[in-house]
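Open the structure in your viewer and keep the selection tool at hand. Each stop below tells you what to pick and what you will find there.

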Amino acid sequence: AFLESKHSSGKDREFLTAASTTIVKGDALVFSSGYLTPATASDYTSKPVVIASEDVSTGADDHKKILGLLVDPTMEFIVDCDDDLAQSQVWTLVKFKDKATLDNGTTGGFIEIIEMLPWKKALVKFL
């Protein structure tokens, strides 16, 4: 999960979720046809990103309201990484592995690693 480390702007906002979706607090979400859906590895260019502030599950043809943070480059988050970090990965751009994890072994995304943390975690920001 993406855990907010530094919050210098923005507040929770209300959005609508996609149908047939399970969202957990801290999940990274992207917009698809105007609805929020969990981020996947293929969302390496998707902006804007919202971090879920609550858990929500929806069924088929069901869109529920969800509170979330619309991220900007001033916000920092602590997140799990797919693999151990190397110091050389600091200040590199990486991609999502899934809605709660970075693929720190794949460069070219829009998530910037700011700092290595213990236990396969990193401090990141979204560009």
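This tour of a predicted model goes from strands to rings, then to the cores and a loop.

**Stop 1: the strands around β4**

Select β4, residues 28-32, together with β6, residues 49-52. These two strands pair in the antiparallel sense, over three bridges. Pick Ala 28 and look across to β6: its bridge partner there is Ile 51.

Which residue of β5 is the bridge partner of Phe 31? It is Leu 36.

Follow the chain through the hairpin of β4 and β5, where two residues lie between the strands. Stop at Ser 33, which takes a positive phi near 55 degrees.

**Stop 2: the aromatic rings**

How many aromatic pairs does a search of the whole structure find? It finds eight. Start with Phe 2 and Phe 96, an edge-to-face pair. Their centres are 6.0 Å apart, with 75 degrees between the planes. Phe 2 sits in the segment before β1, while Phe 96 belongs to strand β10, residues 93-98, so this pair ties together parts 94 residues apart in sequence.

Phe 2 has 2% relative accessibility, so it counts as buried. Phe 96 has 1%, so it is buried as well.

Phe 126 is buried, at 2% relative accessibility.

Ring pairs link Phe 2, Phe 77, Phe 96, Phe 110 and Phe 126 into a cluster.

**Stop 3: a charge over a ring**

Select Tyr 44 and Lys 95. Lys 95 lies over the face of Tyr 44, at 3.9 Å from the ring centre.

**Stop 4: the nonpolar cores**

In soluble globular proteins, nonpolar side chains tend to be buried together. The largest nonpolar core of this model has 21 residues. Which of them touch the most other members? Select Phe 2, Val 49, Phe 96, Val 124 and Phe 126. The elements that give two or more residues to this core are β4, β6, β9, β10, β12 and β13.

For a second, separate core of eight residues, select Phe 15, Ile 23, Val 50 and Val 56, which are among its members.

Go back to Phe 2 and display its surroundings. Beyond its neighbours within four places in sequence, Phe 2 is in contact with residues including Ala 28, Ile 51, Phe 77, Val 79, Leu 102 and Val 124. Ala 28 and Ile 51 are the bridge partners from the first stop.

**Stop 5**

Finish at Lys 11, in the loop between β1 and β2. Is Lys 11 buried or exposed? At 68% relative accessibility, Lys 11 counts as exposed. Then pick Leu 67. From Lys 11, Leu 67 is 56 residues away in sequence but 9.4 Å away in space, C-alpha to C-alpha.

Key: Residues numbered from 1 in each chain as written. Predicted model: local features only at pLDDT ≥ 70, side-chain atom pairs only at ≥ 80, totals over all residues. Heavy atoms only, no water. Pairing = 2+ DSSP bridges. Helix = DSSP H or I, 4+ residues; strand = E, 2+ residues; numbered from the N terminus. Phe/Tyr/Trp six-rings, centres within 6.5 Å; stacked < 30°, edge-to-face > 60°. Buried < 20%, exposed > 50% of the residue type's maximum accessible area, 1.4 Å probe, protein only. Lys NZ or Arg CZ within 6 Å of the ring centre and 35° of its normal. Core = buried A, V, L, I, M, F, W, Y, C linked by side-chain atoms within 4.5 Å. Contact = heavy atoms within 4.5 Å.
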